[in-house]
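Hi,

Here is the structure I promised to pass on. Have a look at it, and then read on for what I found.

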Amino acid sequence: MPRLRLTARPRLSIALPIAALSGAALSLAFPPAGIWPLAFVAAVPLLWLLDDVRPARGFWLGLAFGLAFHGATLYWIWRFGEMAWTALTLLSATWIGLFGLLVPAVRRAGRPAVTVLGTAALWTVLEWLKQMWPLGGFGWGVLGVSQADNRFTVRLATVAGVWGVSFAVVAANAVITRAIVDGEGAVRRTATALLALAIVVMPVALPFATADGRSVDVATIQVDVREGEGASGLEEDLIVAGLNLDQHESLAGGERPDLIVWGEGALDPGAAADHATMDAVAGTVADVGAPTLIGA
């Protein structure tokens, strides 16, 4: 049986489109396509291209991957304008460019297990940092989220959060990549395939977390923001805030819930900067007397 071993790397003009196609394929693991099994193989072309490359080349390959991946997964940002979509896509893609830049630092020749673990850990740490910086972070496109419908691997989240799931996804891609780069012989290839499968399936041994505390009464407020359409930006923010205040006030006098949650955008910048509105919010929340989550 012939070896499965690919060592030659294409020149950069060909490698960049391959990296971009790899990123586009990964985006299909997320909604609206939601083909979650793709996440376990879609990054293989990128990792293959990153094997044995210099940091600078790795950055550009990672950036190409990131632009295609985030450009597709952030399609909905286009509704807020092409500048918003472009800025967030570039920012998010730069983190994957940083991944490509740093991959040579975790690669260990002749030690595939260390390389796999280092690659998965590097991706996971960068995802974690991406959710923190800059400006509080922007975590869209975390790989673990793609596995919400995967009843096997997602169980890792019960002990390691979404980061554990992301780690497993990248590790499976990295194992397959090592089989392509280093693999030789049917036995070794079979063992590698079984290892990748085990990473995906073995978390099924973990039980899902179950709620065992007392029940809580949560009141959620969601208003029809279309009532503010046609107004200026400031006026629209004030109208939406007022609608939320009216709904919150309606909870006074009845049985007090354990928690009240306002919908996203309930206090947009125009309303948050208006002292009268914020005084009204503080007074209304105090009158009802229940802990309230606003603007998260």
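D287 is exposed, with a relative accessible area of 65% (exposed means over 50%, buried under 20% and partly exposed in between, with a 1.4 Å probe and protein chains only). This residue is found in helix α10, residues 275-288. D287 and A252 lie 35 residues apart in sequence, yet their C-alpha atoms are 7.0 Å apart in space.

Before going further, some housekeeping. This is a predicted model, in which local features need pLDDT of at least 70 and side-chain atom pairs count only at pLDDT 80 or more, while totals for chains, interfaces and linings use all residues. Residues are numbered from 1 along each chain as its sequence is written, and side-chain values use heavy atoms, with hydrogens and water left out.

Helix α10 also has a helical partner. The axes of α10 and helix α8 (residues 233-249) come within 10 Å and cross at roughly 15°; axes here are lines fitted to C-alpha atoms, for helices over the stretch in contact, and angles run from 0 to 180 degrees between N-to-C directions. The two helices, α8 and α10, are therefore roughly parallel to each other (angles under 35 degrees count as roughly parallel, over 145 as roughly antiparallel, 65 to 115 as roughly perpendicular and the rest as oblique). The crossing of α8 and α10 is left-handed, a label used if the near helix is turned anticlockwise from the far one by less than a right angle, with right-handed used if clockwise. On the α8 side the contact is made by L238, A241, L245, H248 and E249, and on the α10 side by T277, A280, V281, T284, V285 and V288 (contact means heavy atoms within 4.5 Å). Seven of the residues in this contact of α8 with α10 are nonpolar, three are polar and one is charged; Ala, Val, Leu, Ile, Met, Phe, Trp, Tyr, Cys and Pro count as nonpolar, Asp, Glu, Lys and Arg as charged, and the others, Gly among them, as polar.

Now for the chain as a whole. Its secondary structure comes to ten helices and three strands (DSSP runs numbered from the N terminus, with helices being H or I of at least four residues and strands E of at least two). From the N terminus on, the order is α-α-α-α-α-α-α-β-α-β-α-α-β. The C-alpha trace spans about 75 × 45 × 30 Å along its principal axes. Of the 296 residues in the chain, 39% are buried. Among contacts between residues at least 6 apart in sequence, 70% join residues at least 24 apart.

Which helices do the buried residues of α3 pack against? They pack against α1 (12-27), α2 (44-50), α4 and α5. Helix α3 itself (residues 55-73) has 19 residues and reaches 26 Å from its first C-alpha to its last, close to the 27 Å expected at 1.5 Å a residue (the expected span is 1.5 Å times one less than the number of residues). Among its buried residues are G58, L61, A64, F65 and F69.

The axes of α1 and α3 come within 7 Å and cross at roughly 35°, and the crossing is right-handed. Residues of α1 including L12, A15, L16 and A19 meet residues of α3, among them W60, L61, A64 and F65. The contact of α1 with α3 divides into 14 nonpolar, four polar and one charged residue.

Helices α4 (residues 82-106) and α5 (residues 112-130) pack at an angle of about 150°, with their axes 10 Å apart. That makes α4 roughly antiparallel to α5. This crossing of α4 and α5 is right-handed too. Further along the story of α5 is T124, found in that helix. At 10% relative accessibility T124 counts as buried, and, leaving aside neighbours within four places in sequence, T124 is in contact with W163, S166 and F167.

Finally, a few backbone details for you to look up in the loops:

- The peptide bond from P31 to P32 is cis, with omega near 5°, and P32 is in the loop between α1 and α2.
- The peptide bond from W133 to P134 is cis, with omega near 0°; P134 is in the loop between α5 and α6 (157-182).
- D52 has phi near 60°, a positive value in a residue other than glycine. D52 sits in the loop between α2 and α3 and, at 64% relative accessibility, counts as exposed.

Best wishes
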